[in-house]
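Me: I have a chain open here and would like to go through how its parts pack together. Could you take my questions as they come?

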Amino acid sequence: MRAGRRCAVAAALLMCSLAPLGSGGGAAAGLSPEEDFHARNQRAIEHLQRGNALSVQGMHREAVEEWERAAAYRPDSNVPWNNMANSLTALKEPEAALRAARKAYDIHVDHMSATTLANNLRAKAQGSKLEAGELYEETERVLRAGMDVVRHSGERNEHPFWTL
């Protein structure tokens, strides 16, 4: 998949896969809640796409910063957090990657977030004899939850950066 297509897919996931933010305040002066949502969503997509482009170039630290900005505009989206988890893994920061993966999964369980969290849990379990049993059990629960989403809803959002 070409980088431009990857960005378009990720932007579509961010924009379409989740319910809109509530109208709980924060609207810019003179904007209706709907206009405010669309403005915030557009800003989130811009940061998401910049992060995606940086990640493809191997600039993971800068990508994480862009995805943090995207998450600030769309706190209801798991996509920036999932991307952060993958780049933090590439940066060899397993604890930060696991926190980001958990955040993505907590926001919205889907194929993407379940797989990323399960991969991070498995990696931690492989490095920890003390916690391995618990971590593998949690990994199995997470993967089953992700499969249930796919099975019952047909939702299967492939993440465009599986190969980080």
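Me: Leaving aside its neighbours within four places in sequence, which residues is Ala-104 in contact with?

Reply: Ala-104 is in contact with Asn-78, Trp-81, Asn-82 and Ser-113 once those sequence neighbours are left aside, where contact means heavy atoms within 4.5 Å. Please keep in mind that this is a predicted model, in which local features need pLDDT of at least 70 and side-chain atom pairs count only at pLDDT 80 or more, while totals for chains, interfaces and linings use all residues. Residues are numbered from 1 along each chain as its sequence is written, and side-chain values use heavy atoms, with hydrogens and water left out.

Me: Which helix is Ala-104 in, and is the residue buried or exposed?

Reply: Ala-104 belongs to helix α5, residues 94–107, helices being DSSP runs of H or I with at least four residues and strands runs of E with at least two, numbered from the N terminus. Ala-104 counts as buried because its relative accessibility is 0%; buried means under 20% relative accessible area, exposed over 50% and partly exposed in between, with a 1.4 Å probe and protein chains only.

Me: How far is Ala-104 from Asn-83, C-alpha to C-alpha?

Reply: The two C-alpha atoms are separated by 9.0 Å, with Ala-104 and Asn-83 lying 21 residues apart along the chain.

Me: Stepping back, how many helices and strands does the protein chain have?

Reply: The protein chain has seven helices and zero strands, and of its 164 residues 43% count as buried. Among contacts between residues at least 6 apart in sequence, 62% join residues at least 24 apart.

Me: And which residues have the most contacts inside the largest nonpolar core?

Reply: They are Met-84, Leu-88, Leu-117, Leu-121 and Val-142, in a core of 25 residues. At least two residues of this core come from each of α2 (33–56), α3 (60–73), α4 (79–90), α5, α6 (111–126) and α7 (132–153). A nonpolar core here is a set of buried Ala, Val, Leu, Ile, Met, Phe, Trp, Tyr and Cys residues joined through side-chain atoms within 4.5 Å.

Me: What does Leu-117 touch, leaving aside its neighbours within four places in sequence?

Reply: With those neighbours left aside, Leu-117 is in contact with Leu-98, Ala-101, Arg-102, Tyr-105 and Val-142.

Me: So how do α5 and α6 pack, in angle and axis distance?

Reply: The angle between α5 and α6 is about 150°, with their axes 9 Å apart; axes are lines fitted to C-alpha atoms, for helices over the stretch in contact, and angles run from 0 to 180 degrees between N-to-C directions. That makes α5 roughly antiparallel to α6, since angles over 145 degrees count as roughly antiparallel, under 35 as roughly parallel, 65 to 115 as roughly perpendicular and the rest as oblique. Among the residues making the contact are Leu-98, Ala-101 and Ala-104 of α5 and Ser-113, Leu-117 and Leu-121 of α6. By class, the residues of this contact divide into nine nonpolar, three polar and three charged, where Ala, Val, Leu, Ile, Met, Phe, Trp, Tyr, Cys and Pro count as nonpolar, Asp, Glu, Lys and Arg as charged, and the others, Gly among them, as polar.

Me: Changing topic, where is Lys-92, and what is its phi near?

Reply: Lys-92 sits in the loop between α4 and α5, and its phi is near 60°, a positive value in a residue other than glycine. Most residues other than glycine have a negative phi. Lys-92 is exposed, with a relative accessible area of 71%.

Me: Last one: is Glu-95 buried or partly exposed?

Reply: Glu-95, in helix α5, is partly exposed, with a relative accessible area of 43%. Between Glu-95 and Ala-85, ten residues apart in sequence, the C-alpha to C-alpha distance is 9.6 Å.
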